[in-house]
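User: I've got a two-minute gap and would like a walk through this one. Please put it up and we'll start.

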Amino acid sequence: MAAEQIEVPAPVRQVQSLIAGIEGTLEKWAQDLGRDLSGMRGIVPGAAIDGLVQPAVKGLLAKDSPELAGAGFIANSGLVGPDRSYIAWWQGPQLERVDALANFSPSSMERYLKAEWFRIPVESGIPHATGPYIDFLCTDDYVVTFTHPVRREGSVEVAGIVGTDVAVRTLEQNLIRGLRQLGPAVSLVSAEGRVVVSSALSLEPGDLIALDDAGLSYPVGRRFSIVSATED
Amino acid sequence: MTQQASSASRGLAAVFAPLRSSGLAEQVVERIEQAVETGLLVSGQRLPSEVELAAALGVSPVTAREALSSLRARGLITTTRGRNGGSFVAEDFLPSIKGAHEQLRTLTRLQINDLGLHYSIVTVACAGIAARRADATELAILRTYLRPAQDTLLSWRLVDSEFLLELAAIARSARLGRELVRLQADLGTLTLLPYTDEAFREASVGMRTAVADAIEARDTALAETTTKELVHALIHWLLDEHSR
């Protein structure tokens, strides 16, 4: 089997390593935060969460390859109180705090459960990537959001999620050249078949393509792939 | 040279226009109003203290105090003293139909028509692209905004704006999305008024359903026409009311 494996072209490996890099960063952050939260018993005050999350976000947003639009943590029900969520999320170079009034809302859990990037990792317990979509809650920008569940040490329950937004334009800047090297109609697509970046002029981010018709296909990270296909 | 400069500088004129001096406190007021209008904060609930609010929004406690006192002066929050005291969202916070009528009176027909044209152009463009891009999950979300779960004025107005925002979300244009958010802010509480009319409420459900059906059928032209009808119905209702 191994001998028959076709060698993965360098541009594909570059895309794979960029996406896997983001996912790996989140995985490590989720572990670190889970460990820190384990040290706190019972209900955790919002200010304590801020104290743990903000320095990490600051570090993440200072990285420039790829540039992350925002990052943070959102609590699952139970961590800061029954039936309540808590958002500690910052965006942009000025570390602007996002959606802070929601922390005073009695319906904060409901608010985030509506969002795929929160609901899926919380309910399934596995990391997720959402988008591309317009993030009306935070950046008002066209983004892909990567999220990873956070668990306290020795617990199976999801205490919350950590996540980061990457602007679609940032992904294009980083990936378009590689995709063009692979061919005139090669796209990075989500598991739903939605184009994130494509070398084809006829395909824009957000367009749907039928994955079945795909010629070449390489997995990228947990939820993406590189495919060659043009039509929806 | 001057001729050229003046003809080329219509865009530049906007750059040099005086900045809107909406202060930080006013922005905090707007945020809180918006939070109540969209159901994030609810009537009767306790608001954070000045210090908490300041920390959460990244403003100084002085600014937070100014914002709270402005909200208090307008009757949007009440403050009680004592051990269980604090600031609370007023029981009858919004929607203020009176305020919406006042807003309508300050506008001319020309302004209402122009606002309607802009609103229509943006939403129709979103609907057209949405018909190409919607998936099953998004259609299901869109259909949750046909009719509100509760029969309150605030809920009707919320489905009105959320339905159109969902069209923008499905279309996935950041520019059109931001434009729509800005337009809805400009429309303010005006969109409340048509929903005081029961006939309009029911008609709007039919019109939103027609848009959702067209998008599900991936019919770009029909999605555009039906969205245009939905927005026009709203603007025509306002013009009608304005002429009374």
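**Chat about the model**

User: How far apart are the C-alpha centres of domain 1 of chain B and domain 2 of chain B?
Analyst: The two centres lie 29 Å apart, taken over C-alpha atoms. The domain bounds come from an automatic or database domain assignment. For chain B it gives 24–89 as domain 1 and 97–242 as domain 2.

User: Before I go on, what should I know about the numbering and the model?
Analyst: Residues are numbered from 1 along each chain as its sequence is written, while chains are lettered from A and ligands numbered from 1 in the order in which they are written. This is a predicted model, where local features need pLDDT of at least 70, side-chain atom pairs count only at pLDDT 80 or more, and totals for chains, interfaces and linings use all residues; side-chain values use heavy atoms, with hydrogens and water left out.

User: OK. What's the secondary structure of chain B?
Analyst: Chain B has 12 helices and 2 strands. From the N terminus on, the order is α-α-α-α-α-β-β-α-α-α-α-α-α-α.

User: What share of chain B is buried?
Analyst: Of its 244 residues, 46% are buried. Buried here is under 20% relative accessible area, exposed is over 50%, and partly exposed is in between, with a 1.4 Å probe and protein chains only. The accessible surface of chain B is about 13,000 Å², with 55% of it belonging to carbon and sulfur atoms. Areas use the Shrake-Rupley method with a 1.4 Å probe, and for residues only the protein chains shown count as cover.

User: And how much of the contact count in chain B joins residues 24 or more positions apart?
Analyst: It's 76% of the contacts with a separation of 6 or more. A contact means heavy atoms within 4.5 Å.

User: Switching to chain A. How many helices and strands there?
Analyst: Chain A has 5 helices and 10 strands. Its radius of gyration is 19 Å, close to the 17 Å that the globule rule gives for 232 residues, so chain A is as compact as a globular protein of that length. The radius is taken over C-alpha atoms, and the rule is 2.2 Å times the number of residues to the power 0.38. Along the principal axes, its C-alpha atoms fill a box of roughly 55 × 40 × 30 Å.

User: How is chain A divided into domains?
Analyst: Domain 1 covers 10–169 and domain 2 covers 178–228. The contact between them takes 17 residues from domain 1 of chain A and 18 residues from domain 2 of chain A. Their C-alpha centres are 26 Å apart.

User: What about burial and surface in chain A?
Analyst: Buried residues are 54% of the 232 in chain A.

User: Where is A:A129, and is it buried or exposed?
Analyst: A:A129 is in strand β4 (residues 128–134) of chain A and is buried, at 5% relative accessible area. Leaving aside neighbours within four places in sequence, A:A129 contacts A:E116, A:T145, A:F146, A:R223 and A:F224.

User: Where's the cis peptide bond?
Analyst: It runs from A:G131 to A:P132, with omega near 10°. A:P132 is in strand β4 of chain A.

User: Last one: what does A:P205 touch?
Analyst: Not counting residues up to four places away in sequence, A:P205 touches A:Y142, A:V168, A:V195, A:V196 and B:R133. A:P205 lies in the loop between β8 (195–198) and β9 (217–220) of chain A and counts as partly exposed, at 23% relative accessibility. The C-alpha atoms of A:P205 and A:L101, 104 residues apart along the chain, are separated by 32 Å.

Technical notes: Helix = DSSP H or I, 4+ residues; strand = E, 2+ residues; numbered from the N terminus.
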